[in-house]
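Q: Could you walk me through how to read this model, one feature at a time?

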Amino acid sequence: MALMITDECINCDVCESECPNDAISQGEEIYEIAAGRCTECVGHHATSQCVEVCPVDCIVLNPDVVETEEQLYEKYLTLGGR
Ligand code: SF4
Ligand code: SF4
């Protein structure tokens, strides 16, 4: 599953630079995760880096983007790593 940012986001900007896939950007009101670029950090890190740094724990699983570990790894390969 890709992750998503809830409206609890306080726009602190800490997560954006932590994402190895450049999946996070500032949206109109809060930060957003491009589901097509989020691998849950599979291929790069053992844990989701954005979740690790978010001070208000507002990054959660996106229930609309269900993916297996294998699919996340395929996505990582498609994105070319970094
Ligand atoms: S889980 Fe990893 S890949 Fe997904 S948005 Fe967070 S830092 Fe980026
Ligand atoms: S770290 Fe959390 S609160 Fe800060 S911008 Fe990212 S999602 Fe929003």
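A: Gladly. Let us begin with residue classes: Ala, Val, Leu, Ile, Met, Phe, Trp, Tyr, Cys and Pro count as nonpolar, Asp, Glu, Lys and Arg as charged, and the others, Gly among them, as polar. By that scheme, the shell around ligand 1 holds 8 nonpolar, 3 polar and 1 charged residues. A residue is near a molecule if one of its heavy atoms lies within 4 Å of it. Around ligand 1 these include Cys19, Cys38, Cys41 and Cys50, along with Asn21 and Thr39.

Q: What should I know about the model itself?
A: This is a predicted model, in which local features need pLDDT of at least 70 and side-chain atom pairs count only at pLDDT 80 or more, while totals for chains, interfaces and linings use all residues. Residues are numbered from 1 along each chain as its sequence is written, chains are lettered from A and ligands numbered from 1 in the order in which they are written, and side-chain values use heavy atoms, leaving out hydrogens and water.

Q: Which residues are closest to ligand 2, and how does its shell divide by class?
A: The closest are Cys9, Cys12, Asp13, Cys15 and Cys54, out of 13 residues that surround ligand 2. The shell has 11 nonpolar, 1 polar and 1 charged residues.

Q: In what order do the elements of the chain run?
A: Helices (H or I, at least four residues) and strands (E, at least two) are DSSP runs, numbered from the N terminus. Here the order is β-β-β-α-β-α, with 2 helices and 4 strands.

Q: Is Thr39 buried or exposed?
A: Buried means under 20% relative accessible area, exposed over 50%, partly exposed in between (1.4 Å probe, protein chains only). Thr39 has 0% relative accessibility, so it counts as buried. It sits in the loop between strand S3 (31–33) and helix H1 (49–53).

Q: With which side chain does that of Thr39 make a polar contact?
A: A polar contact is a pair of N or O atoms within 3.5 Å; within protein, one must be able to donate a hydrogen and the other to accept it, and residues adjacent in sequence count only if both atoms are side-chain atoms. For Thr39, the partner is the side chain of Asn21, at 3.1 Å.

Q: Where does Asn62 lie, and what does it touch?
A: Asn62 is in the loop between strand S4 (59–61) and helix H2 (69–79). Contact means heavy atoms within 4.5 Å; leaving out residues up to four places away in sequence, Asn62 touches Met1, Ala2, Leu3, Met4 and Ala35. A polar atom of its side chain lies 2.9 Å from the backbone nitrogen of Asp64.
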